[in-house]
Amino acid sequence: MAISDSDIAGALSVYLEMHPEESEQLSEPMRLMRQGENFASRRSFPLHVTVGALLVRNGAEILLVDHLAYGIVLQPGGHLEPEDVTLIGAAVRELVEETGIRPDDVVLTSQVPAYVEFGEVPPRTAKDEPAHFHLDIGYSFSTQADIGDIQESEITGANWYPLAEAESLVGTRIARAVDARARIG
């Protein structure tokens with residue numbers, strides 16, 4: 001069964017229980033979700049859900065990718081697919097697709113999302129997409145593995161970054177990935 005709106009709402013609810021200080025900044029996507037449906041579909045406008053994967057290696061490095069469409073460094077991630085059945089599974093799928101790391105080499109560090117971010121996406125006429133919003137739900141994972149074959153249709157590179165450098169590139173969500181990793185040992 002595909003990811004439902006109630007699955008998404010449940011993940012947001014658990015996240016906001018852990019991070020009530022973010023309630024105000026997530027109030028707009030919550031409002032939009034009350035007014036629409038089918039947020040797992042990339043054809044849901046003005047809002048749909050994407051997923052991300054914060055992958056920590058040896059407690060000291062984070063994997064980031066050079067995103068082709070946006071031209072910036074980000075954590076691996078992307079749109080949900082109709083065959084995805086969980087948000088965590090979708091995050092692993094995106095991680096594996098983009099970086100070539102085997103799913104057996106990835107360990108989930110927390111069932112609670114490490115971050116939830118809301119951001120505007122410019123129109124993409126080539127994909128017949130108007131300006132819209134992504135609600136990106138990210139999970140933290142750990143690994144001992146190295147990068148495999150990258151998905152060159154979506155990313156131009158993938159590299160391990162020291163934690164401080166990764167945080168300067170993509171923000172405070174890095175600290176949450178490391179904190180989740182520390183909690184499992």
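This report describes the fold, the surface and selected residues of one predicted protein chain.

## Basis of the model

The model is predicted: local features need pLDDT of at least 70, side-chain atom pairs count only at pLDDT 80 or more, and totals for chains, interfaces and linings use all residues. Residues are numbered from 1 along each chain as its sequence is written, and side-chain values use heavy atoms, with hydrogens and water left out.

## Overall fold

The chain holds five helices and eight strands. Helices (H or I, at least four residues) and strands (E, at least two) are DSSP runs, numbered from the N terminus. Read from the N terminus, the order is α-α-β-β-β-β-α-β-β-β-β-α-α.

The radius of gyration of the chain is 16 Å, which agrees with the value near 16 Å for a compact globule of 185 residues. That radius is taken over C-alpha atoms, and the globule rule is 2.2 Å times the number of residues to the power 0.38. Along the principal axes, the C-alpha atoms fill a box of roughly 45 × 40 × 35 Å.

## Burial, contacts and surface

Of the 185 residues, 46% are buried. Buried means under 20% relative accessible area, exposed means over 50%, and partly exposed lies in between (1.4 Å probe, protein chains only). Contact means heavy atoms within 4.5 Å. Among contacts with a separation of 6 or more, 72% join residues 24 or more positions apart.

The accessible surface comes to about 9,000 Å². Carbon and sulfur atoms supply 52% of that surface. Areas come from the Shrake-Rupley method with a 1.4 Å probe; for residues, only the protein chains shown count as cover.

## Charge

The chain carries 13 positive and 30 negative side chains. Lys and Arg count as positive, Asp and Glu as negative; His and the chain ends are not counted. The centres of the two sets lie 1 Å apart. Each charge is placed at NZ of Lys, CZ of Arg, CG of Asp or CD of Glu.

## Helix 3

Helix 3 spans residues 87-99, 13 residues in total. Its first and last C-alpha atoms are 18 Å apart, close to the 18 Å expected at 1.5 Å a residue. The expected span is 1.5 Å times one less than the number of residues. Gly 100 follows helix 3 and has a positive phi, near 75°.

The buried set includes the charged residues Arg 93, Glu 94 and Glu 98. Leu 87, Ile 88, Ala 90, Ala 91, Val 92, Leu 95 and Thr 99 are also buried. Glu 97 lies in helix 3 too, but is partly exposed at 34% relative accessibility. Its C-alpha atom is 18 Å from that of Asp 136, 39 residues away along the chain.

## The loop between helix 2 and strand 1

This loop runs between helix 2 (27-35) and strand 1 (47-57), and Pro 46 is found in it. A cis peptide bond joins Phe 45 and Pro 46, with omega about 15°.

Asn 38 sits in the loop between helix 2 and strand 1 as well. Its phi is positive, about 60°, although Asn 38 is not a glycine. At 46% relative accessibility, Asn 38 is partly exposed.

## Loops around strand 7

Asp 128 lies in the loop between strand 6 (115-121) and strand 7 (132-143). Asp 128 is not a glycine, yet its phi is positive, near 55°. Its relative accessibility is 57%, so Asp 128 counts as exposed. Asp 128 and Arg 43 are 85 residues apart in sequence, but their C-alpha atoms are 9.4 Å apart.

Ile 147 lies in the loop between strand 7 and strand 8 (155-162). Ile 147 is partly exposed, with a relative accessible area of 24%. Leaving aside residues up to four places away in sequence, Ile 147 touches Leu 63, Thr 99, Ile 101, Ala 158, Asn 159 and Trp 160.

At 63% relative accessibility, Glu 152 counts as exposed. Its C-alpha atom is 38 Å from that of Glu 17, 135 residues away along the chain.
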